[in-house]
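Subject: Structure handover

Hello,

Here is the structure I promised to pass on to you. Please have a look at it first, and then read my notes below.

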Amino acid sequence: MNTQTTTEQGSPATPGSPLPPGKKKGKFSFPSAYTVIALVTVLVWLAAFLIPPGSYETDGDGRPVQGTYEPTAVDQSFMDRLKDLFMAPVNGLYGVKDAATGAIAPDASGELYGAAGIFLYVLSVGAYITVVMNSGALERGIGRLAHRLQDRGLTLITAIMAVFALAGTVEGFAEETLGFYALIVPLILALGYDRMTAVGVIIGGSGIGVICSTVNPFATGIASGIAGTSVGDGIALRLAMWVCLTTLVIAYVLRYAIRVKRNPARSLSGYLDGDHDIDATAAPMPEPLTGRQKTILWTVGLTFAFMIFSIVPWASVIQGHEADPYPWQLDWFFPELSVLFLVMAVVVGAIGRLGEKGTTDGIIAGFGDFVGAGLIIILARGVTVIMNNAHITDTVLNSLEGAVSGTGGATFSVAVFLANIPISFLVPSSSGSATLVMPIMAPLADFAGVPRSLSVTAWQAASGWVNLITPTSAVVMGGLALAKVPYDKYVRFLAPLLGLLLLTVSAFLTVGAFLA
């Protein structure tokens, strides 16, 4: 998942102990997403003293009406504002928006504003994925696929990248890829390619899936929820993007692989001692999938297929936005999906005979692995609470309204994509970035006359694009360390592809705006 909850550092060095490998004393290290969001919280709190308060009139759905902004007076003392800063994480989790005043506080009466539902959803998905990984079915399945295609190198590269891209678009396959370097790097070397090819297969395959997320819960799901739109809205455009851009990235990696195999001197990563001595036929075929592991793989596929079915607003897709839901239409959201993944984690544990302890340990471990992502969401949500209580959210919207008024939907969509690139660099967590920016981007889409789902697509494409290259990503830096590929060589390999993706994504957003 592209949540960036892991770090490249190990445990903090104690006095007198050696520094972690690769770390130089006194060298600047970019702060973690937690620190960045904490700093943003303080800066926004300070800015609220300078930004004049104001508000828009809202329609029946609670969305701001363009052109109705008016300055307002806010009766907040310094101590009130200090309390908002102090309580920001709490309000980010379970703050309630008062129906009368619009102020957010834990003890208010009204609608839940905090991200408690999203928080539980992230933990539930983490528990499910961890139990699946503990069953060994996914790792063995990919291992057998790789071994069967070992004498058909280009087919193998295409197959692995397609599988990773599918996993990326469905569930944000990112950190999980770190476990496959030990399998794929030797295999790629044995087929006559270089280490950069292996990096392109793994990071490129999963990364393009994340860029074109269709139902990725950590990107599309969270952003859609905050934007107040269904995950199924805009899925046709995102699916078309996934097919086209996945084909583009696979072709890019294949072109490089063919060039390197014909002329190893053109390798960007070079070769280490022993790289040319690896024999693909010497590696034993992984153990066959057991009947239970096959059942688990089918269960995983059916679970995500059912998730897609349950969240798509079928009547709106088929008959238009004003259509009444079909009787069989589920319209599920975070609460139901959280239960789905928790139940299926237990089902997978039972199928895999992990036992009561193995299953519960896997669920708890999954919670632990993903609680960092949930914390980022809570902290980012707390920032929006400070803006809301100080009544400056609408002021920021009003300042941007003039920029988008009169612009075409295509210009707006591409602008959202480009504007979120530096934001995603500062906050590489997809879930944290979505929580931070979508409260602003979604209403701006209304002002620009485009569906909110298009702003979700533009934002997640920017987040995924940045996370292919950013040195603050544990997926990128950890993967390069495992593959023993220097970062500067990787940047050189990826730079032309990043340019192609920038242009292609912009073209799709333009088409999506015209179709909308």
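A word on burial before anything else: a residue is called buried under 20% relative accessible area, exposed over 50%, and partly exposed in between, using a 1.4 Å probe and protein chains only. This is a predicted model, in which local features need pLDDT of at least 70 and side-chain atom pairs count only at pLDDT 80 or more, while totals for chains, interfaces and linings use all residues. Residues are numbered from 1 along each chain as its sequence is written, and side-chain values use heavy atoms, with hydrogens and water left out.

Let me start with helix H14, which covers residues 355-389. (Helices are DSSP runs of H or I with at least four residues, numbered from the N terminus.) Asn389 belongs to this helix and is buried, because its relative accessibility is 7%. Its side chain comes to 2.9 Å from the backbone nitrogen of Ile104. Taking contact as heavy atoms within 4.5 Å, and not counting residues up to four places away in sequence, Asn389 touches Val74, Gln76, Asp84, Gly102, Ala103 and Ile104.

Ile377 is also in helix H14. With 0% relative accessibility, Ile377 counts as buried. Leaving aside neighbours within four places in sequence, its contacts include Ala115, Ile118, Ile222 and Thr435. Ser433 is 56 residues away from Ile377 along the chain, yet their C-alpha atoms are separated by 8.3 Å.

Next comes helix H18, residues 452-466. This helix reaches 22 Å from its first C-alpha to its last, close to the expected 21 Å; the expected span is 1.5 Å times one less than the number of residues. How much of H18 is buried? The count is 15 of the 15 residues, so H18 is largely enclosed by the rest of the structure. One of its residues is Ser453, buried at a relative accessible area of 10%. Ser453 touches Thr229, Asp233, Gly234 and Arg238, again not counting residues up to four places away in sequence.

Val42, Leu43, Leu46, Phe49, Leu50, Phe78, Met79 and Leu82 make a nonpolar patch of about 800 Å². Helix H1 (33-47) and helix H2 (78-86) each supply at least two residues of this patch. Met79 lies in helix H2 and is exposed, with a relative accessible area of 55%.

Enjoy exploring!

Best wishes

Key:
Patches are made of residues with over 30% relative accessible area and no salt bridge: like charges are joined within 9 Å, nonpolar side chains (Val, Leu, Ile, Met, Phe, Trp, Tyr) within 5 Å. Accessible areas come from the Shrake-Rupley method with a 1.4 Å probe; for residues, only the protein chains shown count as cover. A salt bridge is a side-chain nitrogen of Lys or Arg within 4 Å of a carboxyl oxygen of Asp or Glu. A polar contact is a pair of N or O atoms within 3.5 Å; within protein, one must be able to donate a hydrogen and the other to accept it, and residues adjacent in sequence count only if both atoms are side-chain atoms.
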